Amino acid sequence: MFSGTKPEFQLSGLDAVTWLKKLESDSIDLIVTDPPYESLEKHRAKGTTTRLKNSKASSNQWFEIFPNERFEELFEQFYRVLRKDRHFYLFCDAETMFVAKPIGEKCGFKFWKPIVWDKKKIGMGYHYRARYEFILFFEKGKRKLNNLGIPDILEEPRVYRGYPTEKPVGVADILINQSTQSGEVVLDAFAGSGSTGVAAANNGRHFLGNDICDEARDITRKRLLEAGATERKILKEKASSPRQRQLQIPMT
Ligand SMILES: C[S@@+](CC[C@H](N)C(=O)[O-])C[C@H]1O[C@@H](n2cnc3c(N)ncnc32)[C@H](O)[C@@H]1O
């Protein structure tokens, strides 16, 4: 779909699994993604997350999570669309890691280790306040990391007042530089504000992004165009439902 090393991108607005099923097998060089995982609900129930009253990107309601029971169909599609000898990184918390790891392995991935994203400052919580998130490092086939000197703790300050649960471009930047070459294709099925895409564009990689929220895609598109990437429009796509388009995400 993409060609050359000048960054290009395409954005879709479907349910992640529905979207992935439309993609060709063995067509993607790297997956970096951050689903709205189920255990966020628990943080909400305990009141350890914050409603996004001030976020322009929020309707001040809660985001509909992507349930753990859907991980298998999601990871099956990730495995299918990823080329051989490629990597897959999944942002999640400790609780979700225990669920996601065996499902990833069942779907064919080798699980290497959790990488820690150290947010440098404490966040929400009562029992040891949260300062890190995990990024699970999976592999299909065998691919050598580009820099064997990078540690498994990535220190990068959290994003304040951004898109709900926005990840810093700097973290995606490291993952993309470790696991792709210029001109390769990076995919994020839950793109949010497009941090993965911006890092891809900044490094001369192409980006295939998806998010059911219209506003998320608008933000991503703007950031990617500002980063100098060229959009490849989709000619026709079934719109997401109004309910799906609501943006309701708890803060981590
Ligand atoms: C945790 S956020 C991603 C944040 C992103 N990493 C960033 O840096 O901005 C999860 C995103 O998944 C989207 N989403 C939720 N359910 C989805 C689904 N079933 N399919 C596709 N996207 C979905 C939400 O709209 C939200 O933007």
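Guide: Helices (H or I, at least four residues) and strands (E, at least two) are DSSP runs, numbered from the N terminus. By that rule, isoleucine 234 has its place in the loop between strand S9 (230–231) and helix H8 (242–245). The model is a predicted one, in which local features need pLDDT of at least 70 and side-chain atom pairs count only at pLDDT 80 or more, while totals for chains, interfaces and linings use all residues. Residues are numbered from 1 along each chain as its sequence is written.

Visitor: How many helices and strands are there in the chain?

Guide: The chain holds 8 helices and 9 strands.

Visitor: Does isoleucine 234 count as buried or exposed?

Guide: A residue is buried if 20 or more other C-beta atoms lie within 10 Å of its own, exposed if 12 or fewer, and partly exposed in between, with C-beta atoms placed from the backbone. Isoleucine 234 counts as exposed because it has 10 C-beta neighbours inside 10 Å. Of the 252 residues of the chain, 41% count as buried.

Visitor: Which residues does isoleucine 234 touch?

Guide: Two residues are in contact if their C-beta atoms, placed from the backbone, lie within 7 Å. Leaving aside residues up to four places away in sequence, isoleucine 234 touches Gln10 and Ser12. For the chain, 78% of the contacts between residues at least 6 apart in sequence join residues at least 24 apart.

Visitor: How is the pairing of strands read, and which strands pair with S3?

Guide: Two strands pair if DSSP finds at least two bridges between them. Strand S2 (residues 28–33) runs parallel to S3 and is joined to it by 5 bridges; here valine 32 has tyrosine 89 of S3 as its bridge partner. With strand S5 (residues 132–140), S3 pairs in the antiparallel sense over 7 bridges, and leucine 90 stands opposite leucine 136 in S5. Strand S3 (residues 82–92) is mostly covered, with 8 of its 11 residues buried.

Visitor: Which residues touch the most other members of the largest nonpolar core?

Guide: A nonpolar core is a set of buried Ala, Val, Leu, Ile, Met, Phe, Trp, Tyr and Cys residues joined through C-beta atoms within 7 Å. The largest one has 57 residues, of which Ile31 and Tyr89 touch the most other members. S3 gives the most to this core, namely 6 residues. Not counting residues up to four places away in sequence, isoleucine 31 touches Phe78, Leu82, Phe88, Tyr89 and Leu187.

Visitor: Which residues of helix H3 are buried, and where do they lie around the axis?

Guide: In helix H3 (residues 71–81), the buried residues are Phe71, Leu74, Phe75, Gln77, Phe78 and Val81. Seen down the axis, the buried residues of H3 fall within an arc of 160° (taken from the directions from the helix axis to the C-beta atoms), so they line one face of the helix. Their cover includes helix H1 (16–21), S2, S3 and helix H4 (94–106).

Visitor: What is to be made of the phi angles of aspartate 85 and lysine 120?

Guide: Most residues other than glycine have a negative phi. Aspartate 85, found in strand S3, has a positive phi near 65°. Lysine 120, in the loop between strand S4 (110–118) and S5, has a positive phi of about 75°. Aspartate 85 is exposed, with 12 other C-beta atoms within 10 Å, and lysine 120 counts as exposed with 11 C-beta neighbours inside 10 Å.
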